[in-house]
Amino acid sequence: MRITRVAAATAVCAALVLPAVTATAANAAVPGSVAVSASCRKADPYEVHGTSAVIIRSKASSKSTAVGVLYRSHKFTVHKKTKTGSWVYITDKKSGVTGWVSGTYVYRTVYMCLD
């Protein structure tokens, strides 16, 4: 009985997702249908998302010493990331503190422009 429910749920999900995937692929296959203008090529600074503040640490580890706090409103510079992107080495422009923050909460705003 349980296997039947799982199979039915999977079939319903597939039926809902397949048209969306097919439509996206079909639209992407049309050459020249999407143009990116120069105004869409923005390189926004990184921002803190999903929380009001992130702890700045001395090393790329949640067990390392806290050296400061990076608030959502602060501007900061990203110097480098770990290979997996799970930690980001930053300098908080407001406080001058340099250290590592979790990459889970720090990322760039991504734009998608269609003309």
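These are my notebook entries on a predicted model of one chain.

**Overall layout.** I started with the secondary structure and found one helix and seven strands. Reading from the N terminus, the order is α-β-β-β-β-β-β-β. Of the 115 residues in the chain, 21% are buried. I also checked contact range: among contacts with a separation of 6 or more, 42% join residues 24 or more positions apart. The exposed surface comes to about 8,500 Å², with 61% of it from carbon and sulfur atoms.

**Core.** Next I looked up the largest nonpolar core, which has ten residues. Its members are Tyr46, Val48, Val54, Ile56, Leu70, Phe76, Val88, Ile90, Val101 and Val106. Strands E1 (46-48), E2 (53-57) and E5 (87-92) each give two or more residues to this core. I then picked Val106 and listed its contacts beyond four places in sequence: Tyr46, Glu47, Val48, Phe76 and Val101.

**Val97.** Leaving out neighbours within four places, I find Val97 in contact with Ile56, Val67, Gly68, Ile90, Thr91 and Asp92. Val67 is 30 residues away along the chain, yet its C-alpha atom is 7.4 Å from that of Val97.

**Rings.** My search of the whole structure for aromatic pairs turned up one. I also noted a charge over a ring: the charged end of Lys80 sits over Tyr89, 5.6 Å from the ring centre.

How values were computed. Residues are numbered from 1 along each chain as its sequence is written. This is a predicted model: local features need pLDDT of at least 70, side-chain atom pairs count only at pLDDT 80 or more; totals for chains, interfaces and linings use all residues. Side-chain values use heavy atoms; hydrogens and water are left out. Rings of Phe, Tyr and Trp (its six-membered ring) pair if their centres lie within 6.5 Å; planes under 30 degrees apart count as stacked, over 60 as edge-to-face and the rest as tilted. A charge sits over a ring if NZ of Lys or CZ of Arg is within 6 Å of the ring centre and within 35 degrees of the ring normal. A nonpolar core is a set of buried Ala, Val, Leu, Ile, Met, Phe, Trp, Tyr and Cys residues joined through side-chain atoms within 4.5 Å. Buried means under 20% relative accessible area, exposed over 50%, partly exposed in between (1.4 Å probe, protein chains only). Helices (H or I, at least four residues) and strands (E, at least two) are DSSP runs, numbered from the N terminus. Contact means heavy atoms within 4.5 Å. Accessible areas come from the Shrake-Rupley method with a 1.4 Å probe; for residues, only the protein chains shown count as cover.
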